[in-house]
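Hello,

Here is the structure I promised to pass on. My notes on a pocket and a helix pair follow below it.

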Amino acid sequence: MASKEVEDKKPVNKTEEPRKEVEDKKPDNETKKPPAKSAESKAFEKYEKEMKCMLESIITTFAAELWGRNVIATNVYEMIFDKECDGSCERSYFFLHRIYRKIEEIEKSEPQKAKTMIDTVADIIDHTDSALHNTAETIRECENSEELREEITTISTILQSNLNSIAPAVHKKDIITEAEYDMIMDPAAKHSTRCTTKIFKDVRVLIKKDPTKMEAFISAIIAMGKPISDWALRLREEMGK
């Protein structure tokens with residue numbers, strides 16, 4: 001009798017209920033729709049390209065206004081407003097300069113960790129291309145952030161053609177942030193263009209998550225004065241349609 005009781009239960013447990021559960025879930029997956037875009041997101045995306053062109057020449061000033069209104073993160077603001085990375089700096093210069101800033105901060109409390117970070121960057125460069133061995137050795141010989149800083153101008157030119165291979169590896173070691181990585185990997189020739197692209201990418205994502213932030217974005221545009229402030233009215237009109 002015990003064996004018959006087990007046989008009676010076997011088909012129910014292994015076939016009927018699991019099959020029904022899968023069949024019940026399938027229609028739900030097929031009918032899911034992406035959430036509708038807010039009026040704010042639509043307006044921003046419609047005029048994004050034109051606003052980028054309009055604001056690029058004053059992007060550091062605009063970044064300061066956005067940061068003051070909590071539209072962009074502090075780390076994004078700091079790297080964009082860094083006076084040592086002017087509008088013409090190459091991606092590789094920006095890359096090395098951000099590494100220098102990170103090491104400079106760490107060595108205040110952990111000098112040995114800072115030196116290890118310098119050696120890690122040197123190892124990554126060394127393994128990327130044998131032709132970069134001497135450059136890697138130059139970095140490895142740096143004992144602190146200040147010594148690294150003195151080499152940035154020379155080294156940046158050498159690394160430019162290999163940056164797309166080096167930067168991802170450095171990013172994986174958490175030596176540069178996600179925001180810095182985004183800008184480094186942007187192929188734009190001008191630093192101001194890379195800054196503008198990064199800011200607008202972050203603002204687009206923020207407004208999608210929180211449409212109320214659009215008003216802060218508009219306020220930052222108004223603060224730029226005429227004729228740029230006229231765009232604020234255009235955006236508001238677009239949101240009202």
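**The largest pocket**

The lining of the largest pocket consists of Asn 75, Glu 78, Met 79, Arg 98, Arg 101, Lys 102, Glu 104, Glu 105, Lys 108, Ile 175, Thr 177 and Glu 180 (on a 1 Å grid over the protein atoms alone, a pocket is an open set of points where a 1.4 Å probe fits, with protein on both sides within 12 Å along at least five of seven lines; lining residues have an atom within 4 Å of a point). This is a predicted model, where local features need pLDDT of at least 70 and side-chain atom pairs pLDDT 80 or more, while totals for chains, interfaces and linings use all residues. Residues are numbered from 1 along each chain as its sequence is written, and side-chain values use heavy atoms, without hydrogens and water.

The volume of the largest pocket is about 220 Å³ (the space filled by probe spheres set on the points). H5 gives the most to its lining, five residues; helix H4 (74-80) and H5 each supply at least two (helices are DSSP runs of H or I, at least four residues, numbered from the N terminus).

**The helix pair**

H5 (residues 91-106) also packs with helix H9 (residues 163-172), at an angle of about 20 degrees and with axes 11 Å apart (axes are lines fitted to C-alpha atoms over the stretch in contact, and angles run from 0 to 180 degrees between N-to-C directions). The two are therefore roughly parallel (under 35 degrees). Arg 91, Ser 92, Phe 95 and Ile 99 of H5 make the contact with Leu 163, Asn 164, Ile 166, Ala 167 and Val 170 of H9 (heavy atoms within 4.5 Å).

Best wishes

Definitions and conventions:
Angles under 35 degrees count as roughly parallel, over 145 as roughly antiparallel, 65 to 115 as roughly perpendicular and the rest as oblique.
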